[in-house]
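Trainee: I have a model open on my screen and would like to learn how to read it feature by feature. Could we go through it together?

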Amino acid sequence: MVKSVEKKAQALEGYFIHDCVILAPDYVAVSAEEELPEEEYDHYTSRGSSKICTYDFLKQKNDEPPFWSSRKWGRNSFFNSRLVNLNPSEYLAIDDAGSVFYGGLGENKRVEQKLPKHLRIENISKVGEQVYGVGFGRIITKRIGPDHWELMTESIQDSTAKNTGFYGLDGFDENDLYAVGGKNDIWHFDGEDWSPVDVVDAPFLPMCVCCAEDGYVYIGGAWGMIARGRGDEWETYMPESRVDKFSSVVSYQGRIFFGNESRVYVMPHNAQTLEYKEYDFEGQISSLGARRMDVGHGLMMFASLGRVALYDGVQWKMIYSGSPMPKEEAQVLEMMTRNAEDTLDAMGELLDKLKTLKK
């Protein structure tokens, strides 16, 4: 790990974003990996360098680019990392190989012991003050403290069966957890035992889960399919035109947001039907994908592969917009074209009025 801290607006250039987290009302972070040329890249043997980049609102100066700081790891080290908030302004990062980094305040930063192979995880989440890791083979680990994780799912582990395992976990509290992943592989924890949840008979590949303030569990999956329910009562929705698989879902100010790498979709709490619609970002910024989303400290944060945006419930703010993906470039161009057309229409109306006045 490079301890020197890079401070510039272009800290994320040449990198693609894996995850994002809100650390405090004025402090956020993203994890990112260097984008290597195709001939150099190999998922297992040749990966780019990695960064944890933080954005401090208090260091942002008016009319200047967003101010990012970064902490960098070398190649083939700490890749594809996931982030979770711990104490205010502190985070935990875990990667596919089991590397763990605690980003505390000041000098209170350390690389923790690697997770053993049988506890390797795909994602990390927080319910209340408790941090959990989830992975294939129905692995769910509970963080007891630094260098100490406890396996919660010995009774339901199955590393041999296909299409089993978890991508996401959320809960209403530590005794009411839902874990999703694999083919129709959805489980509930009641504080003592895990039990399977029968959501739908049709094939369903759940990717993400959110326990919302309206009392429902929302699950996003492949092909744009979603489910809503709790306990034994569930309903599902499949759009007529399939969309990319959902990789993140959050609840914020009375609405549920489903994100994928190209778009974000939204529906209200307690909606009569599960039909969602594409989110327009309140008409304030150009649309972006939300591969990862986070909610905390009154804010909502979206991160695509090359853009990061933040919402305070009133105003959207783009805090990184470098290296947009092709779909995002098209969206930006579409908005610019629409704005230009609106401007031309307004100028035409003004010109007509001037001509009338001259007569």
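Trainee: Which way do the residues of strand β6 point, and are they buried or exposed?

Mentor: In a regular strand, side chains alternate between the two faces of the sheet. Strand β6 (residues 82-85) has R82 and V84 pointing one way and L83 and N85 the other way, and all are buried. Buried means under 20% relative accessible area, exposed means over 50%, and partly exposed lies in between, with a 1.4 Å probe and protein chains only. Strands here are DSSP runs of E with at least two residues, helices are runs of H or I with at least four, and both are numbered from the N terminus.
This is a predicted model, in which local features need pLDDT of at least 70 and side-chain atom pairs count only at pLDDT 80 or more, while totals for chains, interfaces and linings use all residues. Residues are numbered from 1 along each chain as its sequence is written, and side-chain values use heavy atoms, with hydrogens and water left out.

Trainee: What does β6 pair with?

Mentor: Two strands pair if DSSP finds at least two bridges between them. Strand β6 is joined by 4 bridges to strand β7 (residues 91-94), and the two run antiparallel. Look for V84, which stands opposite L92 in β7. The two strands form a hairpin with 5 residues between them, and S89 in the turn has a positive phi of about 70°.

Trainee: How many residues lie between the strands of the β14 and β15 hairpin?

Mentor: There are 2 residues between β14 and β15. Strand β14 (residues 168-173) pairs with strand β15 (residues 176-181) through 5 bridges, in the antiparallel sense. Within this pair, L169 faces A179 of β15.

Trainee: Where should I look for other positive phi values?

Mentor: Most residues other than glycine have a negative phi. D147 has a phi near 65°, although D147 is not a glycine. D147 sits in the loop between β12 (139-145) and β13, and with 28% relative accessibility D147 is partly exposed. N184 also has a positive phi, near 55°. The place of N184 is the loop between β15 and β16 (185-189), and at 26% relative accessibility N184 is partly exposed.

Trainee: What is the strand order in the open sheet that contains β10?

Mentor: The order is β10-β11-β12-β13, an open sheet of 4 strands with antiparallel pairing. Its edge strands, β10 (123-127) and β13 (148-151), each pair on one side only. Neighbouring strands are turned by 30° against each other on average, direction ignored. Such angles are taken between N-to-C directions and run from 0 to 180 degrees, with axes as lines fitted to C-alpha atoms, for helices over the stretch in contact. Between β10 and β11 (residues 130-135) there are 5 bridges, and I124 stands opposite G133.

Trainee: Which residues have the most contacts inside the largest nonpolar core?

Mentor: A nonpolar core is a set of buried Ala, Val, Leu, Ile, Met, Phe, Trp, Tyr and Cys residues joined through side-chain atoms within 4.5 Å. The largest one has 19 residues, and those with the most contacts inside it are L12, V28, V30, W68, M301, V308 and I319. Elements giving two or more residues include β2 (15-24), β3 (27-34) and β28 (308-311). The largest share, 4 residues, comes from β2. Leaving out residues up to four places away in sequence, V308 touches residues including I17, V30, M301 and I319; a contact means heavy atoms within 4.5 Å.

Trainee: How many disulfides are there?

Mentor: A disulfide is a pair of cysteine sulfur atoms within 2.5 Å, and a search of the whole structure finds 0. C20 is buried at 3% relative accessible area, and C53 is buried at 0%.
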